[in-house]
Amino acid sequence: MDKIVILDFGSQTTQLIGRRIREFGVYTEIVPGDAPLTCTILDGAKGIILSGSPSSVYEPGAPVPDPAVYNTGLPLLGICYGLQRMTADHGGRVEPLPEREYGGVRVTLEAVAIQNLPPTSGAGKARAFLSSFAASLSPAAASPTASSGAAPTQRDSSFTAWMSHGDSLALLAPGFIQIGTSAHGFPAVLIHESKPWFGLQFHPEVTHCEHGRDILKAFALDICGAAPEWTMERYIEEVRANLAQRVGRNPVLLLISGGVDSTVAGALLLKTLDPDQVHLMYMDTGLMRKKETEIVSANLNRLGAKHLHIIHCEKDFLSALSGLTDPEEKRRAIGDLFIRIQEREVGRLGLPETYFLAQGTLYTDLIESGKGVGKKAHVIKSHHNVRSPLVEAKRNAGRIIEPLDRLYKDEVRALGRILGIDEDIVMRHPFPGPGLAVRILGEVTREKCDILREADDIYIRELKRRGLYDQIWQAFAVLLPIRSVGVAGDVRKYGWVLALRAIVSEDGMTADVYPFPMKDLLEISTLITNTVKDIGRVTYDISSKPPATIEWE
């Protein structure tokens, strides 16, 4: 099967590159950026992409690719750090910018520079690459002969690219030609005059990048000539074959929350293995949404679960969280307690030591926890199912199964539909593993959990009643550690402040604020303050991701 190899230098959006290209039906394989390019890695490869990175190429210890990457003869696409790496490796110079380029920035493709490209094979590839997506910028951006491989010639064309870098090219490497410039005057698009090498000083994989999909599609299909042979059905076949081979007849214990991720992981296990092998353990931590335990039980029974173990452990979790206010400390406490209780309950179940622990971990969890493919990713926030020391120990022992760890939320939903999971479960909004503990800022108490549970339930029910729920990727309420003065009747009182969050996204890596109709927002706010007596004020979070994360902690 044809594939595009992606060298991961630690960017938070590396996996998005692979995901975008998979949308075109082309298989992608992500490997550490500094890994030796073995025959196995290059088998079936039609092109190579060098990802972004939090590093700077001039820093000691900055990741460097295997020099063989430049001798494969395959088309190369350098993205952000990838372009800077190609520049530094071939005699160019990269320097810090006086001010970081970040967010949406206009990039102009320079018609004269494109017209003057030399008539070499590399430039021919460049013309084909450019004409494949430049025609979509505007009707006049490409010549009438663009379909024959000619470059756009009538005038400069521009689009809004997504920038995220603090370095720039101070000196181009020999053989590279600048054909695109950012609004700030810095190099943004480069091609090599004789080799099929391309460089972008922006991130086409991010949804905010205008025509980013067109750019990646042009590279994968038109330049690399990769055959679109990859499908979700094929992915399922590969995962199921791997599960069956690895697990054998050993029992598997899945820690299930009842959310989309763990439910899909459970369905995949039940449809791959003998249901008698699969044990589903749900912990009622006291940090769950209203009536969560009843809903989870009904959903899992419909999936055909034979062994469903519901553990009531609210006191354990509230005790472990007592006095903790730091988000990372709360996550670590929850993660460790999850595993300790799981081990205690496994002992009661009598499972053999050869059992496997399964989790519904997504790749976004791994990325944000600094667990990307290589070792260069930065930690955004710890996920209890990724960085807990006890989880790490089990992962190092090779006893953890994470069948969704290379998928994003929308892909998990697509997988769930194929597995026959009900649409109301498939489309359920994401819910964090630590539950309400990371939606209660500061110390977590039973009283605060009850207050947030009621407010969040009103919020979600109203979104569904008003037909807004399915328009939103994720919505939830956050209880702030602030009391605000208010009036109840004629009495002055202090009530808690609640923040409402609603975002739209495709993958959770970037997100925009949902543009609430003001009437709905006002009515929901009033309903919450009138119904939940301890809440005196409601705010709406209008922060996008980035710079904010979706959850508050």
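Leucine 109 has glycine 180 of strand 7 opposite to it. This is a predicted model, in which local features need pLDDT of at least 70 and side-chain atom pairs count only at pLDDT 80 or more, while totals for chains, interfaces and linings use all residues. Residues are numbered from 1 along each chain as its sequence is written, and side-chain values use heavy atoms, with hydrogens and water left out.

Strand 5 (residues 93-109) and strand 7 (residues 176-182) run antiparallel and are joined by three bridges, where two strands are taken to pair if DSSP finds at least two bridges between them. With strand 6 (residues 157-171), strand 5 pairs in the antiparallel sense over 13 bridges, and threonine 108 lies opposite serine 158 of strand 6. Strands (E, at least two residues) and helices (H or I, at least four) are DSSP runs, numbered from the N terminus.

## The annotated binding site

An unreviewed UniProt entry carries the annotation "binding site" for Ser257, Gly258, Gly259, Val260, Asp261, Ser262 and Thr263; UniProt positions are given in the numbering used here, feature names are shortened, and annotations may be inferred rather than shown by experiment.

Serine 257 is placed in the loop between strand 10 (252-255) and helix 8 (260-272), and counts as partly exposed because its relative accessibility is 27%. Buried means under 20% relative accessible area, exposed over 50%, and partly exposed in between, with a 1.4 Å probe and protein chains only. Neighbours within four places in sequence aside, serine 257 is in contact (heavy atoms within 4.5 Å) with Ser262, Tyr282, Met288, Glu292 and Val296, and the side chain of serine 257 reaches the backbone nitrogen of glycine 259 at 3.1 Å.

Valine 260, by contrast, belongs to helix 8 and counts as buried, because its relative accessibility is 3%. With neighbours within four places in sequence again set aside, valine 260 is in contact with Val412, Arg413, Ile425, Val426 and Arg428.

## Helix 9 and its cover

Glu292 and Val296, both contacts of serine 257, are among the buried residues of helix 9 (residues 292-302), which also include Thr293, Ser297, Asn299 and Leu300. The cover over these buried residues includes strand 11 (278-284), strand 12 (307-312) and helix 16 (423-426). Helix 9 is followed by glycine 304, whose phi is positive, near 90°.

## Helices 17 and 18

Ala455, Ile458, Tyr459, Glu462 and Leu463 in helix 17 meet Ile524, Leu527, Ile528 and Thr531 in helix 18.

Methods
Polar contact = N/O pair within 3.5 Å; in protein donor to acceptor, adjacent residues only side chain to side chain.
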